[in-house]
Each structure stands twice: as structure tokens, then as C-alpha cells.
Amino acid sequence: LYFIISICFNRRVTNGGKSTLSQFLHQKIHNSCIIAQDTYFKDDFVVPVDSNGFKQYDTLDALHMEEMMKEVCSWKKDPHEFLRQRGLIAKDSSTDDELYVLIVEGFLIFNHRPLNEMFDMRYFLEIPYDVCKMRRSMRVYAPPDPPNYFDGYVWPMYLQNREEMERITSEIVFLDGLKPKDEVLAAVYEDIHKEIARLQGKAAS
Ligand SMILES: Nc1ncnc2c1ncn2[C@@H]1O[C@H](COP(=O)(O)OP(=O)(O)OP(=O)(O)O)[C@@H](O)[C@H]1O
Ligand SMILES: NC(=O)c1ccc[n+]([C@@H]2O[C@H](CO)[C@@H](O)[C@H]2O)c1
């Protein structure tokens, strides 16, 4: 018998701590794996430029969402096989009464309806404008952000995408990305651990 919970982390703007949190949970949770939205960006030459000359990277159109959906569906269909193919599970491990956890992380995962509908728990890491701008300025993307990209494109898109997300999604737990890392990680882990125990209790009865 399999019980499946998908957990996703979304922080619209970069550097809120999604990857940090996802890696931590993956290490702590048995039979878990991560699917990260950032690995589905389209090639730069197909991403269009807007009227201000900015590459439109912060929209679902810049991502291969069908491929990402395929991966999530393939995990859902047979999580044991999914983990086995990626070398994340011992060959002879039992498949009975196992609980598999998929961690989906990304900056636009709640805006894609079919994906959003698959999630059992939703977390959204928030950081304010100035902290986000500062953390983003220390990162180098491929291609790197051109001058004024954050104020002229990334932040306005964040506000727009966030508004859309709140229109289509409820049951999101908002997390304060300014809190000390250990505090955020521990709180989310405790929450998920409780849900896992509840599901395993159900399986036993
Ligand atoms: N709670 C926190 N407090 C302070 N710094 C943090 C916190 N969480 C993460 N960081 C730091 O912020 C930076 C970005 O974190 P991380 O890569 O996890 O963000 P992200 O949301 O996955 O960003 P991106 O989507 O751009 O990859 C890292 O240097 C990380 O160590
Ligand atoms: N190909 C990439 O990974 C890429 C290229 C250009 C910009 N980005 C930025 O990544 C963030 C999401 O993590 C978005 O804000 C993109 O602008 C990513």
C-alpha cells in the first residue's frame, strides 16, 4: 500500500530559501525526492523579450511545464520505481506499507493549475523587496540579470504572479524567510512529520 504526499515550496522571488528547505527535508525524510522547477527553463533563444527589452523569464511560458508534469505523474504512478531508476532506493527494499514523499520546489508551482491540484501540502516562503533584491544581486543566473532587471521586470512579475496564485489557490502556509534558517526548517519538518505519522497511523489501522 502506498501513501503519497506531495509537498511544494514556492517563493516567488529568488533566494527566499526554497532549495535550502527542500534539501533539508529530502535528507530528513525517508523515501523522498525533489523535483525542482528551475531545471525546466527553456533555452534562452526561445524566451521572448518584452516591450522594455527584458527577457520574459518569470512566466510559465518560459518553462517546459509539460515535461515537469510528466515527471510528477511518473513519480505518482510508481514512486518506488521512480526512486529506483534514480538510484535513490535500495534494490531489495520492501514496497509494502511504504510512504513516499515528493518535494516539488519552484517559483511558479502554484500558478500551474494541473500541478497545483496534485499537492497535499503547500508552503510559500516570503521575503520582503529589499532583502530579495539584495540576495538576488549576489546570484549569477545564465544568462545573468541585465541592469534594472529586478526593478523593471522580476519584482513587478512577482507581484502579478502572486496575485494570480492567491486567486486560484487556498490552503497555503506562508513562511517568514527572514526567520533564522534552523527555525523555519524545524517548523516545516515538524508539520510534515505529523502528517506522515497520521498517514502511517491510518495505514496501520
Ligand atoms: N532563513 C534564511 N535566512 C537567511 N538566509 C537564508 C535563509 N534561507 C536560505 N538562506 C540563504 O539564502 C540564499 C538563497 O537560498 P536558496 O538557494 O535556498 O533560495 P531559493 O529560494 O531556492 O532561490 P532560487 O530559486 O534562486 O534558487 C542562500 O545563500 C541561503 O543560504
Ligand atoms: N535558466 C535559468 O535557470 C534562469 C535564467 C534566467 C533567469 N532565471 C531566474 O530564475 C528565477 C527562478 O528561480 C526567475 O526569477 C528567473 O528570472 C533563471
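Predicted model: local features only at pLDDT ≥ 70, side-chain atom pairs only at ≥ 80, totals over all residues.
The protein comprises 7 helices and 5 strands. Their order along the sequence is β-α-β-α-α-β-α-β-α-α-β-α. Of the 205 residues in the protein, 45% are buried. Among contacts with a separation of 6 or more, 77% are accounted for by residues 24 or more positions apart.

Strand 3 pairs with strand 2 in the parallel sense, over 5 bridges. Within this pairing, Leu-102 of strand 3 is the bridge partner of Cys-33.

Strand 4 covers residues 121-126 and is likewise largely enclosed by the rest of the structure, because 5 of its 6 residues are buried. Strand 4 is paired in the parallel sense with strand 5 (residues 173-176), and 4 bridges connect the two. Opposite Tyr-123 stands Val-173 of strand 5. Glu-126 also belongs to strand 4. With a relative accessible area of 28%, Glu-126 is classed as partly exposed, since the buried class requires a value under 20%. The C-alpha atoms of Glu-126 and Glu-164 lie 16 Å apart in space, and the two residues are separated by 38 residues in sequence.

Helix 5 (residues 129-137) packs against helix 6 (residues 149-168) at an angle of about 120°, and the axes are 12 Å apart. The crossing of helix 5 past helix 6 is right-handed. Helix 5 contributes Tyr-129, Cys-132, Lys-133 and Arg-136 to the contact, while helix 6 contributes Tyr-149, Phe-150, Asp-151, Val-154 and Trp-155. Classified by residue type, the contact of helix 5 with helix 6 contains 6 nonpolar and 3 charged residues, and no polar ones.

The loop between helix 5 and helix 6 contains Pro-143, which is joined to Ala-142 by a cis peptide bond with omega of about 0°. Asn-148 is found in the loop between helix 5 and helix 6 as well. Although Asn-148 is not a glycine, its phi is positive, at about 65°. A positive phi, near 55°, also occurs at Glu-171, again a residue other than glycine. Glu-171 is located in the loop between helix 6 and strand 5. The relative accessibility of Glu-171 is 66%, and this residue therefore counts as exposed, the cut-off for that class being over 50%.

A further loop residue, Thr-59, is situated between strand 2 (32-36) and helix 2 (65-77). Thr-59 has a relative accessible area of 17% and is therefore buried. Apart from neighbours within four places in sequence, the residues in contact with Thr-59 are Leu-108, Tyr-153 and Met-157.

Key:
Residues numbered from 1 in each chain as written. Chains lettered and ligands numbered in written order. Heavy atoms only, no water. Buried < 20%, exposed > 50% of the residue type's maximum accessible area, 1.4 Å probe, protein only. Pairing = 2+ DSSP bridges. Axes fitted to C-alpha atoms, helices over the stretch in contact; angles between N-to-C directions. Left-handed = near helix turned anticlockwise from the far one by under 90°. Contact = heavy atoms within 4.5 Å. Nonpolar A, V, L, I, M, F, W, Y, C, P; charged D, E, K, R; others polar.
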